[in-house]
Amino acid sequence: MTAPLFRLDGVTVRRGDVLPLRDVSLAVSPGVATALVGPSGAGKSTLLRLLNRLEEPTEGIVSLHGQPLPSYDVLALRRRVGMLQQAPVILEPTVLADLRLGRPSLTPDEAATLLQRVGLAPEQFLDRSTDGLSGGEAQRVCLARALAVGPEVMLLDEPTSALDSFAAATVEAAVQGLLADGLSVIMVSHDLRQARRLADDVVVLIGGQVAAAGPSAEVLDSHESEDVRRFLAGAS
Amino acid sequence: MTAAAAAPAGVPVPSWWGVGLSLVLVGIAGFVVMRARLGLTRELAVSAVRAAVQLTVVGYLLSLIFKHTGIPGSLGWVAAMVLIAGRVGARRGRGLPRAQLIATCSVGLATAATLGLLVGSGVISSKPIVVIPIGGMVVNAAMTATSVTMLRLRDEVASSRRQVEARLALGLPGAQAFAPHARSALRTSLAPQIDSASTVGLIALPGAMTGLIIAGVSPELAIRYQIIVVYLGLGAAAMAAVTVVTLGQRLLFDDAHRMRPLET
């Protein structure tokens, strides 16, 4: 059995009286796509943000390759663990400048390769202003920007939920390309069909706890727990 | 015309009777406010009374300081102004971590550096009669810049979390992730001070110059003080704003370069 990429042991996150995550223990495999699904407020995004230390557990340990996350330099960790937010956040006036944000030394050739990786034609986009980008184009530029720093794993926080179906399909195709390249992907998704299409493993979170976890076909079809069955029936 | 008392320099100043008569102007303002049903009559009256009481107390206190306390007294007075200005500035940044500390340090540092430089180099006198009024103008400029910067910083924190986290997620340190928002806050807070310096004397005669002219100093001489005051104001405002942003940036992020939420 391969050593886990990430491991969570007894992780609880407390915000005042609210517990977004309660005693979560979980192992995430490397080189595969893992989908975090569950109803709103289940703690999916909180769990994702723990993995690049944008959140800190109140209790428990999160490890990467067997080492607790605080043992890594946090800035270096965030370069290894890239993140794509729910809605595209463009930060610079041109595509090239945006791609260079995390890596100022990025050459135009390297930027062109990144754009190709996310399905954007470099000749059309490299020198383009970011003003007129559509939602799908902007989200793929954000994905390319995250890839520019050379992450070994990408965290995707509902990357298509703010997009129309056409734009969502273009982003999904870009993610499929990354998976084909062997990049590890952990994604929050509200769309079970998307999880089924993209993910090798699925984790169902309900009420801040892991209700089911395992290979996607097994979790999405077996419906062992009543809570999971109810969620899957409602979400599909 | 009302009877006028004579100031030491022979400059006529209004009598208390004349001061009382100027209350008619507050009456006119009150009438306008009442007629327009703005609901500000009580506030106007309280402000007018407060202004009179505060200025009277300050006048007598300053007389005491000028006569008896020398440099320690004037430094104490300036320090008190800094503390009050820090409290006022902090109100605008409510929710920012350690807002009171940031505002007080910013006003204090700006005042100490600018006023200290000019007094230390002998450009202006260290006598209380000079240090206190000039210090007041410096503190006021620093406080205004601090208030606006705190307000803008707070707005930036509230509105820019997604952008800042997008930069943090690329491995940028907190200060670098917040830098564009810090620059925006600085630009906004310094613009009024720069505008005010560029129109000084054209739109209204500024305070220091007005005071000196009333006291009988010729306008050609009065402008020297005014130029110094304008430059002091610019320097103090810039220093205060930069200090707010520098301290704010430091306190906004924790050790793991996460932006702290605004305090409720």
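Predicted model: local features only at pLDDT ≥ 70, side-chain atom pairs only at ≥ 80, totals over all residues.
Ser198(B) counts as exposed because it has 9 C-beta neighbours inside 10 Å; a residue is called exposed with 12 or fewer other C-beta atoms within 10 Å of its own, buried with 20 or more, and partly exposed in between, the C-beta atoms being placed from the backbone. Ser198(B) is found in helix H7 (residues 174-198) of chain B.

Residues are numbered from 1 along each chain as its sequence is written, and chains are lettered from A and ligands numbered from 1 in the order in which they are written.

**Chain B**

The secondary structure of chain B comes to nine helices and two strands; helices (H or I, at least four residues) and strands (E, at least two) are DSSP runs, numbered from the N terminus. Along the sequence, the pattern reads β-β-α-α-α-α-α-α-α-α-α. Of the 264 residues in chain B, 33% are buried. The C-alpha atoms of chain B fill a box of roughly 75 × 55 × 35 Å along the principal axes.

Now look at helix H4 (residues 99-120) of chain B. At 1.5 Å a residue, its 22 residues should span 32 Å, and the end C-alpha atoms are 30 Å apart, which agrees; the expected span is 1.5 Å times one less than the number of residues. The buried residues of H4(B) include Ala103(B), Val107(B), Ala110(B) and Leu118(B). What covers the buried residues of H4(B)? Among the covering elements are helix H3 (41-92), helix H5 (128-159) and helix H9 (219-252) of chain B. After H4(B) comes Gly122(B), with a positive phi near 80°.

The largest nonpolar core has 124 residues, and Ala142(B) and Ala240(B) have the most contacts inside it. H9(B) gives the most to this core, with 14 residues. Such a core is a set of buried Ala, Val, Leu, Ile, Met, Phe, Trp, Tyr and Cys residues joined through C-beta atoms within 7 Å. Leaving out residues up to four places away in sequence, Ala142(B) touches residues including Val107(B), Ala110(B) and Ala240(B); two residues are in contact if their C-beta atoms, placed from the backbone, lie within 7 Å.

**Chain A and its sheets**

In chain B, 14 residues are in contact with 18 residues of chain A. Chain A has two open sheets to explore, shown here. Two strands pair if DSSP finds at least two bridges between them.

| Strand order (chain A) | Pairing | Edge strands |
|---|---|---|
| S2-S1-S4-S5 | antiparallel | S2 (18-28) and S5 (67-68) |
| S6-S7-S8-S3-S9-S10 | mixed | S6 (81-84) and S10 (209-215) |

Strand S1 (residues 6-15) of chain A and S2(A) pair in the antiparallel sense over six bridges, and Val11(A) has Val24(A) in S2(A) as its bridge partner. Strand S3 (residues 33-37) and strand S9 (residues 201-206) of chain A pair in the parallel sense over four bridges. Here Ala35(A) stands opposite Val202(A) in S9(A).
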